[in-house]
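This briefing summarises computed features of the structure shown below.

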Amino acid sequence: MSKSKGKAPQTQASGLYKPESIKDVAESLNITNLSDAIASALASDVEYRIHQVVDEAARFTRHARRTMMTTSDIDQALRVLNIEPLYGHSPHNPPTFKRALPYPQSQAAGTVYFVEDEEIDFDRVLREDKIPLPKPANWTAHWLAVEGVQPLIPENPPAIPRDEPDLASAKLTTPPRAGPQLPPTPSSPGRSGNYGAKKPNQLLVKQVLSRELQLYYTRLTSTLLPPRDESMRTAALTSLRSDAGLQTLLPYLVKWVGDGVVGVLREAGSLSEVDGKVLEILLDVIGALLDNKTLFVEPYLHQLLPPLLSILLYGNLHPTNSTQLRTAASQVLSHLLTQHSTTYPSLSPRIMKTLLVALISPGKGKGTREGAVRGLIGVGKEAVRKGLLEGGGAKLIGSECSSGEASPVVGAVLDALRLLAPSSAQPRPLSPQNQEDVSVMTSLAALLGPFFAARVAPDGEWGRTILTVQTTAGP
Amino acid sequence: MQQMEVEQEKPPEVERMILEYLRKRGHKNAEQALRDALNLPANEQAEDASTEASEPVQTVSDEELRKHLVPFWERKEGSGDNALSDGDLTMQSLLTGGVTAPSVTKLLESIGPGGVDEILSVDPTDRHEGFRDLEAWVDGSLDMYRPEFRPILFPIFCHFYLDLIQLGFRDAGIRFFNTFSPSLSQTHSRVLHRFSELLLPSHLHDELAQRFRNEKYVLRMSKSGFSLLVGWLTEGLGGEASGAGEGFSGEKGKRGRAAIMRVVNNHLRFDVTTSNSTSVPPNAWEESSGLISDLIPSSGSGQDQKSDPAAFNASAGALKLGPAPMDEALRAETERRLREMNSPSAMQDVRPTVPAGLISPSPTELLPRPALFKTIDLRREVERVRDERKRLRLEPSALAMEKDPTSSAVNAVRARALPSVCAYTLYDVGEGAPCSTFSQDSSLMAVGFSESYVRVWNLKGDKLRGIRNDVDPNTTRDSNALRKAKERDAKSTRKLIGHSGPVYSVAFDPLSGSSAPPQYLLSSSADATVRLWSMETMSNLVVYRGHQNPVWDVQWSPMGIYFATASRDKTARLWSTDRLSALRIYAGHLSDVDCVKFHPNSLYLATGSSDWTCRLWDVQKGVPMRVFIGHQGAISALAMSPDGRYLASAGEDLAICLWDLGSGKRIKKMTGHTASVYSMSFSNESSLLVSGGADWTVRCWDVKGAGGLVNRGTVRENGVVNGIEDGKDHEESSFETVDLLATFPTKRTPIATVHFTSRNLCLVSGSFLPSDQR
């Protein structure tokens, strides 16, 4: 015989059913003088009879194609053994046993369990909504195998990621044994938990990707880069945005994006227009990955952020599309944060820190400053307030700009201020005659620096709101 | 079969008489005599009074006796030596023990002093020691004999344990069990588990215990091995473990040896073979040893009981396993129709080809059929020819040949070797769906539920219309009227209500083949009935009653009209749809018949049973033709190969056995499933077997491959999962045989049905287990 039958009988022959239980039952029937010999003989007999019923019930379990015996199996077994079934036990709501509070009078009693018997108030039941009918049985069809190869679709279990938590749990609950005498079920080799670790990583990577996915990956990347056909690219991005089953590809795609960005930015000097285009596509890819609802991106966020922030903060983007790129990057960043900051609370503070460093630390170029401001816009209102007003970012940028300049960074700062407080449609300038306006002017200059105070001044209402934002929120 | 004489060194006259008596009847009767005497002191001839009539009285007196004797036993077991061996002391204790003196003295007189000793000195430690010595002797024997001797341990163990229980030595029995069962539990866990529950003499009415008591346990042994055993039993020669102390020279050793001898004489039978002990295949004992004598049907005349399955199978005569011959008129018409359709195969012979080496039955040997064929038969045959042409051929042998798993050719070979599998997953099934089936044209799926109903789905989404309730059958004369009588609106699914217990099997009729949807559905249930449902009207037509117990399985014969059922009442039955009672009853299995399967030419019926065997019956004569012994658990599924050569059976021992029907021999054993196998199906070329089961997988097996377990240390060529080589974990995969070609896991879906369509697409179905289920 195979070695799979190594299970020694679990039941101690001395009996699971103790003579004490017989005595308890006897006492409850007012038989107090039951001798030990009778109790022990009765206990063995009771146990044997229980085993008889369970043996019979096991056949019903087996033919019902189940691995768990239910009360209905016991009922069927009792029926064929010509014994009155035990009514009132349905497999739908199995009884829950509760532990009774320890009984101080008799310590020896041990733990007592009882079945909780809920009281049902008919009035309440009648008043409540009707009990919903359970859904009728239904079916779905899928390909378990196509010409001997199991396709990687959600309906099939994932092929390899053996260390994923859900698989680990699946392994724990691995099927079931039929009947009490069956040998312990060896976990099926298809889902064995820890054998990936035994192989060198290189080989594992080769195994993970099915041929189809490898083909998909090559096609996808060659379509996207270098930028050629607009419609092909749109199709590829749409596929990336909505197709299921790409989870195994995700690490490769993330790495591809990262490498692409690094490759472009590492080129010496300023970037050409084409490079900008490449970056834009890569940004689109990140956006598409975030959009895809079937992907579980969170573990890869720390790999996705560096390329994103690099695009945002790189100083020498090509002037024609730098603003556009940074705006796009900031939008992707904002998208990412809205999706993941709830489950990953430390995400926005960390990003903000990076952006503030880029904004405030001396010696950065205007491009970087602009990117930082755009990034703050992406992170949100509070980040803008912290960076530009509280952290003095506006003052710093203002001091670096010559008066009257209209570089992109100025636009970015104004955009940020508009996010903080909307500018009014019909601006009424602050007048130097009005005493109140003058004080507003002064505090604005203190807050934003003279350069931006002058920019804000034409719209008095805006200036005031900015001030109130700072005073209400600030220290 | 050989008997051995027990040697006793010149016993006194009386003692020998009683000993012979005891040996002849076993200890049970001696004890009965004791009881009788206690209860009926007036009866002088207590020995002969042990009739069935006094049975109920005996149990009472038995307990009485127990009560008085308990103190001695307890004392004795505690000290470990035989306190009762001293006859005088025993006498004294009995007389003072509260038993009415005259009855005891009378009893003792009737037995004589030696007899009392023999009965009361049945020392449980004898058997303990005896078995330990036997185990030591077996383990100490030469390597070449050890595999031969090991099987003897198990029956001796069982009988010793049953003896102890029967004599009321409960605690000694438990100790004996706990000491020696671990070494046997490797191969016999089921029986051991069952025996561990038997603790009182009254429990020995248990089915299995009775079989051990009443049947001979067959063991296989070579001539030289057998004489060694005899020598040891009589003389205590050889093989004694060192440090055994007084061992066999001592008094105790002798008594233990005598106990073994008693079991050997009364309950064992040795199949002494002339063959060399090393030439026996390792798994042969599965087929030819154990409690097999009752499993083997007595052949024909009932006179000569065959001792082993091979002999029975040889004596039962040759089988006609070829395909059923085709009606000549039907053949001509089918060919004409094919020509009309301009099919390129019109020229070919539409008759089924007879595989080499098989004999086709003559038309008169088939089950009676209507003389004239109908349109439906014609359509079926035409479709069969077309299917054969369009079928994807599966060649798993090519995959087995491919040695290098990394070569690029493998993928192409895999595609040719393995089928496409479409899984139908049921969900929200409530208490569970024990069975399901697909129609041959793959248009309908029927599922039987634990909640006593059957649900039919149209897989193409067409509506399943029944007949309206208000239709007057007297006015519906033609097909037009019938069409009008159909329901207006219907869904693509339909609930068939009628049974009053879980539905365990459903089957669509095969008459229309793959050309049209089937007309009838059969379902069997725990309420001991089989119901016939019309797919035309979606209603119940007939209830077949006859079985007394739950009906586990129902299968149509390959030609329709007839069907077979398997039931808990240990019988399988043959029915015809137009008769309410069974046509044939196939009785002979010792336990539930769990599954049935027709041979493709409908001449034979295979049954699988909980007595761990399969049988092949002659459908018309109702006699067993073959018996297949070798599984170590109840049979859970059967499959017949379409070419008529093989039977595949899956057991609760998680193995799938492949049997050659013609010779009745096992071809190979395929292991790899980790939980019960629920269903199996052969591909249309009979080259591939697909199985599904409770371990949530579908597995493909190479039928023609050699099989056998994987050699440790060598890299696996096949057994590939999703293109991933699966031979790393030898600990786990070592029980998989090499003919396991592929494993397709599902997500928590036990596979209840595996079905090949006529074009070799594999359909499987099962109900999804939500993970929150306890």
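The largest nonpolar core comprises 86 residues, and those with the most contacts inside it are Ile351(A), Leu388(A), Leu417(A), Leu448(A) and Phe452(A). Helix α10 of chain A, residues 273-291, supplies the largest share of this core, with ten residues. The model is a predicted one.

**Nonpolar cores**

- Ile351(A), one of the residues with the most contacts inside the largest core, touches Leu305(A), Leu309(A), Leu333(A), Leu337(A) and Val379(A), when residues up to four places away in sequence are not counted.
- Another core lies apart from this one and has 50 residues, including Phe154(B), Phe176(B), Phe195(B) and Leu198(B).
- In soluble globular proteins, nonpolar side chains tend to be buried together.

**Chain B as a whole**

- Chain B has 774 residues, of which 58% count as buried.
- Its secondary structure comes to 20 helices and 29 strands.
- Among contacts in chain B between residues at least 6 apart in sequence, those joining residues at least 24 apart make up 59%.
- The accessible surface of chain B is about 31,900 Å², and carbon and sulfur atoms account for 51% of that area.

- Four strands form an open sheet with mixed pairing, in the order β3(A)-β3(B)-β29(B)-β28(B).
- Its edge strands, each pairing on one side only, are β3 (138-145) of chain A and β28 (751-756) of chain B.
- On average, neighbouring strands of the sheet are turned by 20° against each other, with direction ignored.
- Within chain B, strand β3 (residues 421-427) and strand β29 (residues 762-767) pair in the parallel sense over six bridges.
- Cys422(B) stands opposite Leu763(B) of β29(B).

**Helix α16 of chain B**

- Helix α16 of chain B has 16 residues (375-390), which should span 22 Å at 1.5 Å a residue; the end C-alpha atoms are 23 Å apart, so the length agrees with the expectation.
- The buried residues of α16(B) are Ile376(B), Asp377(B), Leu378(B), Arg380(B), Glu381(B), Val382(B), Glu383(B), Val385(B) and Asp387(B).
- These buried residues of α16(B) pack against α15 (328-340) of chain B.
- An α-helix has 3.6 residues a turn, so residues three or four places apart point the same way.

Notes:
Residues are numbered from 1 along each chain as its sequence is written. Chains are lettered from A and ligands numbered from 1 in the order in which they are written. This is a predicted model: local features need pLDDT of at least 70, side-chain atom pairs count only at pLDDT 80 or more; totals for chains, interfaces and linings use all residues. Side-chain values use heavy atoms; hydrogens and water are left out. A nonpolar core is a set of buried Ala, Val, Leu, Ile, Met, Phe, Trp, Tyr and Cys residues joined through side-chain atoms within 4.5 Å. Buried means under 20% relative accessible area, exposed over 50%, partly exposed in between (1.4 Å probe, protein chains only). Helices (H or I, at least four residues) and strands (E, at least two) are DSSP runs, numbered from the N terminus. Contact means heavy atoms within 4.5 Å. Accessible areas come from the Shrake-Rupley method with a 1.4 Å probe; for residues, only the protein chains shown count as cover. Two strands pair if DSSP finds at least two bridges between them. Axes are lines fitted to C-alpha atoms, for helices over the stretch in contact, and angles run from 0 to 180 degrees between N-to-C directions. The expected span of a helix is 1.5 Å times one less than its number of residues.
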